[in-house]
Amino acid sequence: MPDRTTPAPQGRARYIMRLDDLCPTMDWAVFDRFEAVMDRHGVRPLVAVIPDNQDPTFHVSPGEPRFWERVRAWQAKGWSIGLHGFQHRYVTADGGLLGLSGKSEFAGLPYAEQLEKLEQAVAIFQRERVEVDAWVAPSHAFDRNTLLALKTLGIRTISDGLALRPYLDDLGHTWVPQQFALIHPMPFGTWTFCYHLDDFESEATWEDFEAKLARIAPQMTTLSAAVARCTRTRSLLDRGVALARHALNGARRLADRF
């Protein structure tokens, strides 16, 4: 397997692949193909696992009885495992720190309530002998209380935010930004592409995905490598990336209204 942790030449972009919403009842036919593509190109993605899925949207299959065995196998071959909320049940309309969504499982709730939910989520991972490599919030929605609870539980990596490269916050978390939904080559920076199983809706979609992945495969890296390289705080340029993305999102929402 190619070693994607080797730093890319100065000035070249690095990329991280992320796949969200993994749970026992997901669409396994799609996931199995995704896993085969990752292995074929030597990519070690971040996969976001829902500890106790209660979202009926993801009740697609009868359920994989060996789910947690498979999660352990992914981690054993170098994939990063994200804690994707607790039950993926939206209970507030708070967009949280990022303001990218109008629904959340955590944002807006008191610290004690958030801590309790996260303790239950982490306990499931511990029971199943899976390490938490990063926090991945459902719908990108979490707040300062979430960060404080994560710090209490020893979870220091956040896969989210809009920035040019990973950065450290005032609580000691490392934020590895997640800027694009699909593969989008860039000239420099560290970029996370976040896919969902329903993004792979046709054979043409698969062909396009693998063709683009093949072109950028030499620049793919891993979550752990991105965290290891991070020694800086958020910069003005990072804030500019966030502002530009928010402006683009606003323009798209406006266009959808007309």
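In the predicted model, helix 1 (residues 28–40) packs with helix 5 (residues 203–216) at an angle of about 20°, the two axes lying 11 Å apart. Because angles under 35 degrees count as roughly parallel, helix 1 is classed as roughly parallel to helix 5. The crossing of the two helices is right-handed. On the side of helix 1, the contact is made by Val30, Arg33, Phe34, Val37, Met38 and Arg40. Their counterparts in helix 5 are Glu203, Trp206, Phe209, Glu210 and Leu213. By residue class, this contact comprises seven nonpolar and four charged residues, with no polar ones.

The structure contains 23 aromatic pairs. In one of them, phenylalanine 34 and phenylalanine 200, the ring centres are 6.2 Å apart and the planes are at 55°, so the pair is tilted. Phenylalanine 34 belongs to helix 1, whereas phenylalanine 200 is in the loop between strand 8 (190–195) and helix 5, so the pair ties together parts that are 166 residues apart in sequence. Both partners are below the 20% limit for burial: phenylalanine 34 is buried, with a relative accessible area of 0%, and phenylalanine 200 is buried as well, with a value of 6%. Ring pairs also join residues into a cluster that includes Phe34 and Phe200. Further members of the cluster are Trp28, Phe31, Phe67, Trp68, Trp74, Trp79, Phe125, Tyr195, Trp206 and Phe209. Of these residues, Trp206 and Phe209 also take part in the contact of helix 5 with helix 1.

For the chain as a whole, the secondary structure amounts to seven helices and eight strands. The chain has 258 residues, of which 52% count as buried. Among contacts between residues at least 6 apart in sequence, 71% join residues at least 24 apart.

Isoleucine 124 is located in helix 3 (residues 111–127). This residue is buried, its relative accessible area being 11%. With residues up to four places away in sequence left out, isoleucine 124 touches Pro51, Asp52, Trp68 and Phe86. Among these neighbours, Trp68 is also a member of the aromatic cluster. The C-alpha atom of isoleucine 124 is separated by 10.0 Å from that of isoleucine 50, which is 74 residues away along the chain.

Serine 139 occupies the loop between strand 4 (134–135) and helix 4 (144–152). With a relative accessibility of 18%, serine 139 counts as buried, because the limit for this class is under 20%. Its contacts, again without residues up to four places away in sequence, are with Tyr90, Ser101 and Lys103.

Backbone geometry was also examined. Most residues other than glycine have a negative phi. Aspartate 21, however, has a positive phi, near 70°. Aspartate 21 is part of strand 1 (residues 14–22) and is buried, with a relative accessible area of 10%. Histidine 88, likewise not a glycine, has a positive phi of about 55°. The position of histidine 88 is in the loop between strand 3 (80–83) and helix 3, and at 6% relative accessibility histidine 88 counts as buried.

Terms used
Residues are numbered from 1 along each chain as its sequence is written. This is a predicted model: local features need pLDDT of at least 70, side-chain atom pairs count only at pLDDT 80 or more; totals for chains, interfaces and linings use all residues. Side-chain values use heavy atoms; hydrogens and water are left out. Axes are lines fitted to C-alpha atoms, for helices over the stretch in contact, and angles run from 0 to 180 degrees between N-to-C directions. Helices (H or I, at least four residues) and strands (E, at least two) are DSSP runs, numbered from the N terminus. Angles under 35 degrees count as roughly parallel, over 145 as roughly antiparallel, 65 to 115 as roughly perpendicular and the rest as oblique. A crossing is left-handed if the near helix is turned anticlockwise from the far one by less than a right angle, and right-handed if clockwise. Contact means heavy atoms within 4.5 Å. Ala, Val, Leu, Ile, Met, Phe, Trp, Tyr, Cys and Pro count as nonpolar, Asp, Glu, Lys and Arg as charged, and the others, Gly among them, as polar. Buried means under 20% relative accessible area, exposed over 50%, partly exposed in between (1.4 Å probe, protein chains only). Rings of Phe, Tyr and Trp (its six-membered ring) pair if their centres lie within 6.5 Å; planes under 30 degrees apart count as stacked, over 60 as edge-to-face and the rest as tilted.
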